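Try each task before you read its solution.

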Amino acid sequence: MTTWQQMADFSIRLPNRPGELARLAAKLRAADVNLIGLWGFSDRESQFYCVPESPEQFRGFAESAELQYDEGTTFY
């Protein structure tokens, strides 16, 4: 039987131009922030949802990188 686990997710808006997600991924890798999930969509602005292994580490990364984010809840 599979059990669901409640986790924090973070919504980040990025400019809708080539390379923005790659830049974010490079920063996450350099900061050694591991993600369990990542998905997004684009309209005028791109919005991505990140599910990190460690929410505390992600918050620290986002604040040091001066990224604005909204925190929510998801199930894994």
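**Exercise 1. Find the residue that forms a salt bridge with Arg59, and say which elements the pair connects.**

Step 1. Arg59 pairs with Glu71, and the closest N and O atoms are 2.6 Å apart. A salt bridge here is a side-chain nitrogen of Lys or Arg within 4 Å of a carboxyl oxygen of Asp or Glu.

Step 2. Helices (H or I, at least four residues) and strands (E, at least two) are DSSP runs, numbered from the N terminus.

Step 3. Now check the surroundings of both partners. Arg59 is partly exposed, because its relative accessibility is 25%, and Glu71 is partly exposed too, at 42%. The classes are buried (under 20% relative accessible area), exposed (over 50%) and partly exposed in between, with a 1.4 Å probe and protein chains only.

Before you go on, a word on the source: this is a predicted model, in which local features need pLDDT of at least 70 and side-chain atom pairs count only at pLDDT 80 or more, while totals for chains, interfaces and linings use all residues. Residues are numbered from 1 along each chain as its sequence is written, and side-chain values use heavy atoms, with hydrogens and water left out.

**Exercise 2. Judge the confidence of the model: what is the mean pLDDT of the protein, and which elements have the lowest and highest means?**

Step 1. The mean pLDDT of the protein is 92, and 99% of its residues reach 70 or more. pLDDT is the predictor's confidence in each residue, from 0 to 100.

**Exercise 3. How many salt bridges does a search of the whole structure find, and which ones involve Glu20?**

Step 1. The search finds 4 salt bridges.

Step 2. Glu20 has one with Arg17, with closest N and O atoms 2.9 Å apart. Glu20 also meets Arg23 in a salt bridge, at 2.9 Å from N to O.

Step 3. Glu20 and Arg23 are 3 residues apart in helix α1, so about one helical turn separates them. Arg23 counts as partly exposed because its relative accessibility is 43%, whereas Glu20 counts as buried because its value is 11%.

**Exercise 4. Sort the residues of α1: which are buried, and which exposed residues does the opposite face carry?**

Step 1. Glu20, Leu24 and Leu28 are buried in α1. They cover an arc of only 75 degrees around the axis, so they sit on the same side of α1. The arc is taken over the directions from the helix axis to the C-beta atoms.

Step 2. Turned away from that buried side is a face with the exposed residues Ala22, Arg29 and Ala30.

Step 3. The buried residues of α1 pack against β1, β2 and α2. Leu28 gives a closer look: leaving out residues up to four places away in sequence, Leu28 touches Val33, Leu35, Phe58 and Phe61. Contact means heavy atoms within 4.5 Å.

**Exercise 5. Which residues touch the most other members of the largest nonpolar core, and where does the largest share of this core come from?**

Step 1. The core has 13 residues, and Ile12, Leu24, Leu28, Phe58, Phe61 and Leu67 touch the most other members. A nonpolar core is a set of buried Ala, Val, Leu, Ile, Met, Phe, Trp, Tyr and Cys residues joined through side-chain atoms within 4.5 Å.

Step 2. At least two residues of this core come from each of β1 (6-15), α1 (20-30), β3 (45-52) and α2. The largest share, 4 residues, is from β1.

**Exercise 6. Locate Asp32 and Glu66, and find their phi angles.**

Step 1. Asp32 is in the loop between α1 and β2. Although Asp32 is not a glycine, its phi is positive, about 55 degrees.

Step 2. Glu66 is in the loop between α2 and β4. Glu66 also is not a glycine, yet has a positive phi of about 55 degrees.

Step 3. Asp32 is exposed, with a relative accessible area of 52%, and Glu66 is exposed at 72%.
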